[in-house]
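Here is a short tour of a protein model for someone meeting it for the first time. Have a look at it, then read on.

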Amino acid sequence: MFPVLGWILIAVVIIFLLIFTSIIRCLSPVSFLQLKFWKIYLEQEQQILKSQATEHATQLAKENVKCFFECSHPKEYNTPSIRDWQQISSLYTFNPKEQYYSMLHKYVHRTEKSESIKSKEGDTVIPILGFVDTPGMHTTADL
């Protein structure tokens, strides 16, 4: 009797999740093809960011080690500030008026250097766009 109830519960949960996912996708302000483009964009952005971060970190590390052994002063390297890193690391919010594909995209297109890119009027978190902030895509361990 109990195994049957367990399988029924599992079936009900799966059907509920399927219906819930379908409804969210139908109500999404983003079309299927746009969503596909968005995912491709994010993958490419992450690959390029990883490559550039690796290159920059390697150059900075080489310079620091060289200066340590030569007892000299390091060359100045342009590295984003803590505030800049925090802004591109915040939760992505969708705004139909300003279409950005990631927080980095939003950060680069801000109007003033001092302007914050945190939530603005009209910004919403849309469940279908959850892949933008998925841990697998933005972990520092992958960098």
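Ile8 sits in helix H1, which covers residues 2–27; helices here are DSSP runs of H or I with at least four residues, strands are E runs of at least two, and numbering goes from the N terminus. This is a predicted model, so local features need pLDDT of at least 70 and side-chain atom pairs count only at pLDDT 80 or more, while totals for chains, interfaces and linings use all residues. Residues are numbered from 1 along each chain as its sequence is written, and side-chain values use heavy atoms, leaving out hydrogens and water.

Zooming out, the protein has five helices and zero strands, giving the pattern α-α-α-α-α along the sequence. Buried residues are 23% of its 143 residues. Of the contacts (heavy atoms within 4.5 Å) with a separation of 6 or more, 63% link residues 24 or more positions apart.

What about disulfides, meaning two cysteine sulfur atoms within 2.5 Å? A search of the whole structure turns up zero.

| Residue | Relative accessibility | Class |
|---|---|---|
| Ile8 | 46% | partly exposed |
| Cys67 | 7% | buried |
| Cys71 | 73% | exposed |

How values were computed: Buried < 20%, exposed > 50% of the residue type's maximum accessible area, 1.4 Å probe, protein only. Disulfide = S-S within 2.5 Å.
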